[in-house]
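Subject: Structure handover

Hello,

Here is the structure for you to look through. Please open it alongside this email and follow the notes below.

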Amino acid sequence: MAQFTKRLSSAQIIILGFAAMILLGSLLLMLPIATRDRQGAVFSDALFTATSAVCVTGLVVQDTATYWSPFGQAIILTLIQVGGMGVVTVAVALALVSGKKISLKQRSTMQEAISAPKVGGIVRLTGFILRMTILFELLGAAVMAPVFCRELGLWKGLWYSVFHAISAFCNAGFDLMGYKARFSSLTSFATQPVINVTIMALIVIGGIGFLTWDDVKTNKFRWKRYRMQSKVILITTALLLALPAIYFFFLEFSGLPMGERIWSSLFQSVTPRTAGFNTADLTALSETGLALIILLMLVGGSPGSTAGGMKTTTLAVLLSTASSVFRRKEHTHFFGRRVSDETVRTAATIGTMYLIMFLTGGFLISRVEGLPLLTCLFETASAVGTVGLTLGITPGLGLFSQAILIALMYFGRVGGLTLIFAALSSSQGNTARLPQEKLTVG
């Protein structure tokens, strides 16, 4: 086994690690003990659920609370935790805990898995990720415990607190609220301040990225010492939270009481950042509101985080590049620092790939299922952005459409470039430069 992994590239190890975890989770969810009727799940349902959990998406074909037994829910939660931290990160963390030496190959794979700038300090960063994950998940569970325990009793309330804290921090969006109404998510807590604030905080903390929090921990309030990437992530994240919240407050939820209006606007601006919880009826939103959520879902979180999507940095580079072209500037730059041409090309490639996958999946599902295109595009954006928000059509989709969503969830979690690099790792690039000729665009 060790000899086999040595022959694999870092990208291949990452995609095979996620695939192996999905397969193992599927097999466990097919066990009779995993479902409440003791019949076990059929392979298609188990595969969809395991993929959604490992890829921290939240789209489901069976209600998590009413269909899966406590054992099945525990399997799902484990898959969420491993998927949120990353299969490679968990493997390296287990090796550290057991006292094993981390090889250079493992450090290189870890660097690629969390988008670290360099191999140096990877072991320290892994320890930081592990401590931060445990700390914030425990804090989130402790804060929510009084609310859930008061409603559900001590042990069930504690379980609900832990489940939703991990699901929120990992940006997964799985919930256990089906005991109130199937697939209801957090709509019954739309005005509950403790649940709202805690879930939103965990989503944002998990979605900003471990590298950014490491920068914050190291430099505190000394903004000028932050890495350019951390500055871009924090500012882009703040804008993507504030601007949609203003839109929802004034144009989508204007008919609600003021308290519910504020909470709903804030929550619906946070949750499309790949979290998947919702406190409002999404089917009641206007087409403009749904389109805005689709865009937010495609953007997703930040590099090196528990979130998926194109990433905030990709959006920032694309917008800054467009701004540079408008102003006839030669290079893209942030905070007095130039962005490399390779980074610009990578951002354009990632953006193009996500748009192609999102549109192709939506067109196919709409055609096969005979459903409105916007509704199908909402589901495919949710899948490829590993979000989990839904307009309610996923449980009723056929096997072909479910397979499309499975592929999109997997693509969105491991990353399009990782898949391509894994497939082409053995091919050699051609260093010859072809003759240049002018091509007019625009």
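This is a predicted model: local features need pLDDT of at least 70, side-chain atom pairs count only at pLDDT 80 or more; totals for chains, interfaces and linings use all residues.

Helix α8 covers residues 122-152, and helix α11 covers residues 210-219. They pack at an angle of about 95 degrees. Their axes are 10 Å apart. Angles of 65 to 115 degrees count as roughly perpendicular, so α8 and α11 are roughly perpendicular to each other.

Which residues meet there? From α8 come Arg124, Leu125, Phe128, Ile129, Met132 and Thr133. From α11 come Phe210, Leu211, Trp213, Asp214 and Lys217. By class, this contact has 7 nonpolar, 1 polar and 3 charged residues.

Next, the nonpolar cores. The largest one has 111 residues. Ile80, Ile199 and Phe378 touch the most other members. Helix α8 turns up again here: it gives the largest share of this core, 10 residues.

Take a look at Phe378. Leaving out residues up to four places away in sequence, it touches Leu282, Leu290, Ile293, Ile294, Met297, Leu389, Thr390 and Leu391. Another core, of 7 residues, lies apart from the largest one. Its members include Val232, Phe334, Val339 and Ala347.

Last stop: Tyr160. This residue sits in helix α9, residues 154-169. Is Tyr160 buried or exposed? Its relative accessibility is 5%. Buried means under 20%, so Tyr160 counts as buried. Tyr160 touches Phe148, Leu152, Leu176, Met177 and Tyr179, again not counting residues up to four places away in sequence. Now find Ala141, 19 residues from Tyr160 along the chain. The C-alpha atoms of the two are separated by 8.4 Å.

Best wishes

Terms used. Residues are numbered from 1 along each chain as its sequence is written. Side-chain values use heavy atoms; hydrogens and water are left out. Axes are lines fitted to C-alpha atoms, for helices over the stretch in contact, and angles run from 0 to 180 degrees between N-to-C directions. Helices (H or I, at least four residues) and strands (E, at least two) are DSSP runs, numbered from the N terminus. Angles under 35 degrees count as roughly parallel, over 145 as roughly antiparallel, 65 to 115 as roughly perpendicular and the rest as oblique. Contact means heavy atoms within 4.5 Å. Ala, Val, Leu, Ile, Met, Phe, Trp, Tyr, Cys and Pro count as nonpolar, Asp, Glu, Lys and Arg as charged, and the others, Gly among them, as polar. A nonpolar core is a set of buried Ala, Val, Leu, Ile, Met, Phe, Trp, Tyr and Cys residues joined through side-chain atoms within 4.5 Å. Buried means under 20% relative accessible area, exposed over 50%, partly exposed in between (1.4 Å probe, protein chains only).
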